[in-house]
Amino acid sequence: MVRVRRLALLAAATLALAACGGGGGAGGGEPGGGGAAVPLEDQTLTISNWDAYTPEGLIEAFEQETGVDVTLTLHTTNEDIVGKIQAAGGKGFDLVFVSGNYLQTLIDQGFVAELDHDLIPNLANLYPEANELGYDPGNRYSVPYTWGTTGICYRSDLVEEEPTSWTVFHDPPEELKGKMTMLGTNPWLLEPALRSLGSSLNTTDPAEIEAATEWTIEAKANLKGFDDTTFYSELVAGNAWLVQAWDGWCNYGIAEDPNIRFVVPEEGSDLWTDTMVVLAASENKEAAHAFIDFVLRPENGKAVAELVYYKVPNRAAMEQLDPALIERFPNLGMSPSELLEQEALRDPGEAISLWTDAAAQIKAA
Amino acid sequence: MRLGRKGARRGRATGTGWPSRALFLGPGLLAWTLLFAAPVGLILVSSFLSRGTFGGIEYRFTLDNFARALDPLYVRVLWSSIRIAALTTGVALLVGYPAAYFIATRPARWRLPLLVLVVLPFWTNLLIRTYAWIVLLNREGLVNRALVGLGLTERPIALLGTRVAIVLGLLYAYLPLMILPLFSAIERLGVAPRQAAADLGASPAGAFLRVTLPLTLPGVMAGCVFVFVPTLGNFIVPDLLGGGKAIMVGNLIQSQFFQARDWPFGAALSISVLAVTVVLLVVQARVLTRERRLAARAA
């Protein structure tokens, strides 16, 4: 019996272990010196990107041209890569892909190196608008890789009336009840509510967040569920008819079923940016800069748009895009000025506890 | 001096001198320290620290995390998780006891193959098995197609995204952990006590309720703990089968570490769950001790 009890205690301990995240907190990233002395072909690069977010052949082409040995590792989410960087004190990666609103954390904690623009002449290929992004004006620390927005992705063959407003989640027509999903993580979880109520997506006002929480709890009754990962395949399968979706992910659905459409609701949406940053602790900064410059070449930016179906902030690349591709995925044709009308996402800082409480409240309701 | 020598001799004779003690205990103790005591210690310490503006941990002592964990919102989530875990455990016991009883009373050559069938699902990753439930329960899934095909419902019904789906998924995931300790308790008991009860005039039901069940109570308790504890902390099943519409405390903790980057609060929630679990285990141990004492007195 004693044995049983000990086993049970161990089982309880496992539970606590399962909930435990990575190691200790952040240490300041020391800039790794001496990189300039090493010739480029003797440098190596460790890059972390999301899965299926690097066009096939891009890394091989870079390796062949420069002689730099590249190791690509994958992260599943922004939280994942930020956690890895914080846990390792900024060491272990030379270059990572991370969303703009998470970048502030990394800059604030000293993990990110300031870029040497002289080493990235292809920055000239970017749209002028891509130099004025709120999380990093002038691209001092980061270079935008892709950008886009969030909207409503739906099956035009099943949904009778084209959705135009975020309020569809709150007041849907009868036939859509139980067939819609919303994104389940912040800040997108509150986006339909905040937009419908006319609040900022970066609000830190408790009253506004509370009102948005109530709105979302009311909307929850109409939903099939909250879904961040399978919503486009659920659309293709017909399990969901109308979902809140990121533009690029909606394109994945369109690729499988041309009846799927994407619309930015009339109340407006967000502007997200995925960026490339060089870590302060990297000892291969020249190679990392060379890689960024390589990605910014028109043909490589074009490959990103064609293979990953995301908009790139690279004017030279977008101008080369096959018009047939834009016809098939209309949201690839959104202009930078249309995108910049949307609200850029920022890190909520201290107010994040209001946001997470809201998420818990919605899910627990 | 004499005493000391005597003690040393005894130690050698039974293999409990300090070198052999260290040899036997060392690896386990090392693993326990590194893999249990140290991480739990880290969590405990973190739960009293503050979150930095952009995540991470700031070394500033605070009780705020625990005050926040006591907010009605979080207490409600914990309470509903306990209810879901208790319901899952109860159903697992109702399903698992007859199954274990059946297997334990088969001829010896059948027991192993039957037990292998019980643990067979463990050969596949839980995540994949849970996705299989999505395929079954979805709107256009197999269950709904069968229901509509048989004319039992006119339209597909919502099976996913309900509490029933969560309990079903958890039950499926942890049922073997109920059956195994029950099987071992029932098998160890053997047929003799049952036969004795029957010879003394007890009906089959009476023999079960007054002999078999009380004597296998430790197995029942073990099975319940093995199912309840991991169920309470599970976050994959509610996430996938609950359609994100319902959360358990495991989801809450997971989201603190990954989405909110609020490690101190996540740590405080973890410690709270650990405390609840320990309290339940103490209660369970008390019940067992009392049971044993009663049995001893009766004997």
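This is a friendly dialogue on how to read a few features of a predicted model.

Visitor: How are residues and chains labelled here, and what are the ground rules?

Guide: Residues are numbered from 1 along each chain as its sequence is written, and chains are lettered from A in the order in which they are written. In this predicted model, local features need pLDDT of at least 70, side-chain atom pairs count only at pLDDT 80 or more, totals for chains, interfaces and linings use all residues, and side-chain values use heavy atoms, with hydrogens and water left out.

Visitor: Is Asp228(A) buried or exposed, and which side chain of opposite charge is nearest?

Guide: Buried means under 20% relative accessible area, exposed over 50%, and partly exposed in between (1.4 Å probe, protein chains only). Lys and Arg count as positive, Asp and Glu as negative, while His and the chain ends are not counted. A salt bridge needs a side-chain nitrogen of Lys or Arg within 4 Å of a carboxyl oxygen of Asp or Glu. Asp228(A) is buried without a salt bridge, and the nearest side chain of opposite charge, Lys363(A), is 7.1 Å away.

Visitor: What does the side chain of Asp228(A) make a polar contact with?

Guide: A polar contact is a pair of N or O atoms within 3.5 Å; within protein, one must be able to donate a hydrogen and the other to accept it, and residues adjacent in sequence count only if both atoms are side-chain atoms. The side chain of Asp228(A) has such a contact with the side chain of Thr185(A) (2.6 Å). A polar atom of the Asp228(A) side chain also lies 2.6 Å from the backbone nitrogen of Gly184(A).

Visitor: How many residues of helix 9 of chain A are buried?

Guide: Helices (H or I, at least four residues) and strands (E, at least two) are DSSP runs, numbered from the N terminus. In helix 9 (residues 285-295) of chain A, 9 of the 11 residues are buried, so the helix is largely enclosed by the rest of the structure. Among the buried ones are His289(A), Phe291(A) and Asp293(A). Their cover includes strand 1 (44-50), helix 2 (58-66) and helix 10 (298-308) of chain A, where contact means heavy atoms within 4.5 Å.

Visitor: Where is there a cis peptide bond, and which residues have a positive phi?

Guide: Most residues other than glycine have a negative phi, and most peptide bonds are trans. Here a cis peptide bond joins Asn186(A) and Pro187(A), with omega about 0°. Pro187(A) sits in the loop between strand 5 (180-182) and helix 5 (191-196) of chain A. Asn139(A) has a positive phi near 50° and is buried, at a relative accessible area of 0%. Tyr309(A) has a positive phi near 60°, and Tyr309(A) is buried too, at 19%.
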